[in-house]
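Welcome, and thanks for taking a look at this protein with us. Please have the sequence and the 3D view open as you read.

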Amino acid sequence: MSGNESRFERQTITKDGQLLLRKAETDQVETAWDRHQAQAPQCGYCEMGLSCRICSMGPCRIDPFGEGPRKGVCGADADIIVARNLGRMIAAGAASHSDHGRDLVEVLAKVAEGRAPGYAVRDAEKLKRLAAEYGISTEGKTENRIAGELAHAMQEDYGTRKERLQLLNRAPQKRREIWDRLGITPRGIDRETSEMMHRTHMGVDNDWQSLLLHGMRNALSDGWGGSLIASEVSDILFGTPKPVASRVNLGVLKEDHVNILVHGHNPIVSEAILEACQSPGLLSLAHEKGAKGINLAGLCCTGNELLMRKGIPMAGNHLMTELALVTGAVEMVIVDYQCIMPALGEVAKCYHTRMISTSDKARFPGMEHREFHPESASETARGLVEEAVENYGRRYGNGVYLPVKPVELLAGFCVESVLEALGGSPGPLIDAIKAGKIRGAAGVVGCNNPKIRHDHGHVTLTRRLIENDILVLGTGCAAVANAKAGLEMVEASRLAGPGLREVCGALGIPPVLHFGSCVDNVRILVLAAGLANALGTDISDLPVAGAAPEWYSEKAVAIGTYFVASGVTTVLGPTPPVTGSLNVVKLLTEGLRDAVGATFAVEPDPEKAAVFIRRHIEGRREALGLPFVKV
Ligand code: SF4
Ligand code: MSK
C-alpha cells in the first residue's frame with residue numbers, strides 16, 4: 001500500500017467493497033470492520049490461546065512473560081491449555097461440516113422413502129459408484145433402494161460401532177499406514193468429535209501431544225468422513241459440477257428485478273429456492289409487480305454450491321454479506337447455517353430487506369424463522385419467493401446503489417470435470433508436472449477476516465503462484481475473491497507463467513480453478529490422492545501445498561489440520577491462537593514433518609507466503625527427481 005489510500009481502500013481491495021463501505025458510513029450502518037475496531041485491543045491471553053474457561057474453578061489465564069500465574073487452578077500449564085483450546089476448535093469445525101453432511105444424508109434417506117418430493121437422485125452414476133465403494137450391490141435394485149442402503153451405510157460412518165471410515169480407502173496405502181502407525185485412523189465421524197470434547201474436559205487428557213494427535217484424528221474424520229460425504233451426497237442429489245460460466249460481485253444484483261440472496265452452506269435450502277425462482281407463476285407475479293424477473297444470487301458457500309452446479313451468479317464472500325444489503329436492492333436474504341453474521345438482521349432494518357432463517361439449529365436476531373423440512377421444501381420455498389416478490393415495491397425512497405459491473409468467471413471444477421478436461425485420465429496433468437510446465441499445485445482456500453485487508457491475501461498469493469506456474473485450486477471465500485479479481489476466466493492464463501499458460505490454453509481452462517464450497521476442500525484432497533496413487537507414492541511427496549490467507553472460522557482450523565494430516569503442507573495468514581505454547585508451535589511447524597510428512601506455517605504477508613510455497617514445491621520436485629523449473 002502506498003499510504004495515500006482511503007480508509008476503505010485499506011479495508012478491502014475490491015471496488016464494490018470500497019464503494020459500499022462508503023455508503024454504509026453515509027447510511028450509518030455498522031459493519032464487521034467497525035466492530036473489529038471497537039474490540040481493539042483484543043485480548044492478548046486469548047490471542048495466544050492462554051485463557052481457559054472450561055470449568056467453573058476458572059476462568060484462568062497463564063502469564064507467558066511476567067510474574068503472573070503459570071498454571072490454572074487445576075494445574076493445567078500453557079501447553080495443556082493451548083492444546084485443549086486448539087482441540088476444541090478442531091472439534092467445532094469438524095462438527096459443523098460433518099453435521100452439514102448428515103443433513104444431506106437424511107435427505108437422501110427421505111428421497112429413498114419417497115418422503116422428500118422436492119428432491120431426487122440427479123446423478124445416478126455417482127450414486128452407484130458410491131454404493132460400490134461402500135460394498136453395496138446394485139444389481140437389480142431400484143435407484144431409491146440403492147439410495148436408502150447408501151444413506152444407511154453413511155449413517156453408520158457417523159456412529160461408534162466401526163473401526164475405520166469407509167472412504168479412507170481413497171487415500172494412498174502409504175498414508176493409511178501412517179495413520180495406523182500414529183493411531184489416528186478415524187473410527188466414527190461423531191465419535192472423534194465427541195471424544196475430543198471428552199478428552200478436553202477438566203481432568204482427562206493432559207498430555208498436549210496426545211491431545212494434538214487426537215486433533216488430527218478428529219480433523220481426518222471430517223476430511224475423509226463428514227465433509228467428503230457432504231460433497232458426494234450433494235452431487236448425488238443436485239448433480240456433479242461441470243464447467244459453467246457465470247458472473248461475480250455486487251454487480252450481479254439487478255435494479256429492475258426482484259433480488260433474492262441465499263447465504264450459508266447447505267444446498268438443501270438454496271436448491272429449493274432456485275426451483276421456486278424459476279416457477280412460471282412466480283415469474284408472472286414478479287412482472288405484475290413491475291419487475292423484469294426474479295434474480296437469485298449467492299453469498300458465501302451456499303452461493304458456491306449453486307454457482308458450481310447451476311451457474312447462479314455470486315454476489316460476494318464473507319465480508320461482503322453486510323455490504324450486499326447496503327445496496328438497498330435486496331428484497332430477501334434466505335440463510336441456512338454457518339458464517340452468517342448475527343449482525344445481518346440489524347443491517348437489514350436500515351433497508352426494506354426481509355431476512356429469513358430456515359434451519360432449526362440456526363436462528364438469528366432480526367430474522368423471521370421459516371423452517372425447511374424435506375417433506376415440504378418446495379411449498380416453503382415458493383411461499384418465500386412470493387413474499388420476496390411482494391417486497392419489490394417497498395424499496396426505500398433513494399433507490400438502489402449498484403456501482404460496479406460484474407466480472408465473468410468459469411466455475412464448476414471438481415475431480416470428475418478436471419479428469420474430463422484431461423481426456424479421462426490424470427496422465428496429461430502428471431506429464432505437465434513432470435515436464436515442469438506446471439511446477440505444482442496449491443489449494444488457496446478459506447475465509448475473509450477483518451484483520452486482513454479484504455481479498456488482498458487471496459488475490460496477491462494467487463497471482464504470484466500462477467506467475468510461477470503453480471496451478472491454483474480455490475474453494476470457499478478464497479475462490480470468490482479470485483473470481484472477483486478476474487483470475488477464474490480462461491483469459492487470465494495471460495497472467496500465468498509460460499508453462500501454465502500453455503497447459504491452460506490447450507485445455508481451455510483458467511489458471512485458477514473454482515473447486516466449490518468449504519466442504520469441497522475434500523475434492524482437492526481426493527484429486528491429490530488420485531495423483532499420488534497414479535504415481536505410486538504418498539500425498540506428502542507431491543509438489544503441492546495448501547494456503548488459507550484470510551481464514552477466520554473453526555471449520556478452517558479443521559480443514560487445515562486434515563490437509564496437514566493428509567500430507568499437504570499448509571500456510572496460514574492469521575496466526576492461530578497457539579503462540580502461548582512454544583512446544584505446540586514447534587510441533588505444528590516442525591515436529592509434524594516426521595510424523596505426517598507435512599507441517600503448518602504462518603505467514604501473514606502473501607508475497608512471502610508465495611515464496612514459501614514455491615520453495616516447498618521445488619523441494620518436493622527435487623525429492624521426486626523432477627527438473628528444476630525456471631520462469
Ligand atoms: Fe482453570 Fe483448569 Fe478449569 Fe481451565 S480447566 S478453567 S485451567 S481450572
Ligand atoms: S463461507 S468458512 S467464511 S470460506 Fe464457507 Fe467463507 Fe470461510 Fe465461511
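The notes below go from the domains to one helix and then to one threonine.

## Domains and their interface

This is a predicted model. Its protein chain is divided into domain 1 (78-238), domain 2 (250-394) and domain 3 (410-623). The centres of domain 2 and domain 3, taken over C-alpha atoms, are 31 Å apart. Between these two domains, about 1400 Å² is buried, with carbon and sulfur atoms giving 67% of that area. On the domain 2 side, Met308, Asn317 and Leu319 lose the most area to domain 3, together 40% of what that side buries.

In contact terms, 16 residues of domain 2 meet 21 residues of domain 3. Twelve residue pairs are in polar contact between domain 2 and domain 3, while the count of salt bridges is zero. Helix H13 (300-310) and strand S6 (314-316) each supply at least two residues to the side of domain 2 that touches domain 3. H13 gives the most to that side, with seven residues.

## Helix H19

How does the length of H19 compare with expectation? At 1.5 Å a residue, its twelve residues (456-467) should span 16 Å, and the end C-alpha atoms are 16 Å apart, so the two agree. Buried residues in H19 include Gly457, His458, Leu461 and Ile466. After the helix comes aspartate 469, with a positive phi near 60°.

## Threonine 570

Threonine 570 sits in strand S15 (residues 570-572). Because its relative accessibility is 4%, threonine 570 counts as buried. A polar atom of its side chain lies 3.0 Å from the backbone oxygen of valine 568. Beyond its neighbours within four places in sequence, threonine 570 is in contact with residues including Gly546, Phe563 and Phe600.

Note on methods. Residues are numbered from 1 along each chain as its sequence is written. Chains are lettered from A and ligands numbered from 1 in the order in which they are written. This is a predicted model: local features need pLDDT of at least 70, side-chain atom pairs count only at pLDDT 80 or more; totals for chains, interfaces and linings use all residues. Side-chain values use heavy atoms; hydrogens and water are left out. Helices (H or I, at least four residues) and strands (E, at least two) are DSSP runs, numbered from the N terminus. The expected span of a helix is 1.5 Å times one less than its number of residues. Buried means under 20% relative accessible area, exposed over 50%, partly exposed in between (1.4 Å probe, protein chains only). A polar contact is a pair of N or O atoms within 3.5 Å; within protein, one must be able to donate a hydrogen and the other to accept it, and residues adjacent in sequence count only if both atoms are side-chain atoms. Contact means heavy atoms within 4.5 Å. Domain bounds come from an automatic or database domain assignment. Buried area is the accessible area (1.4 Å probe) that two parts lose on being put together, summed over both. A salt bridge is a side-chain nitrogen of Lys or Arg within 4 Å of a carboxyl oxygen of Asp or Glu.
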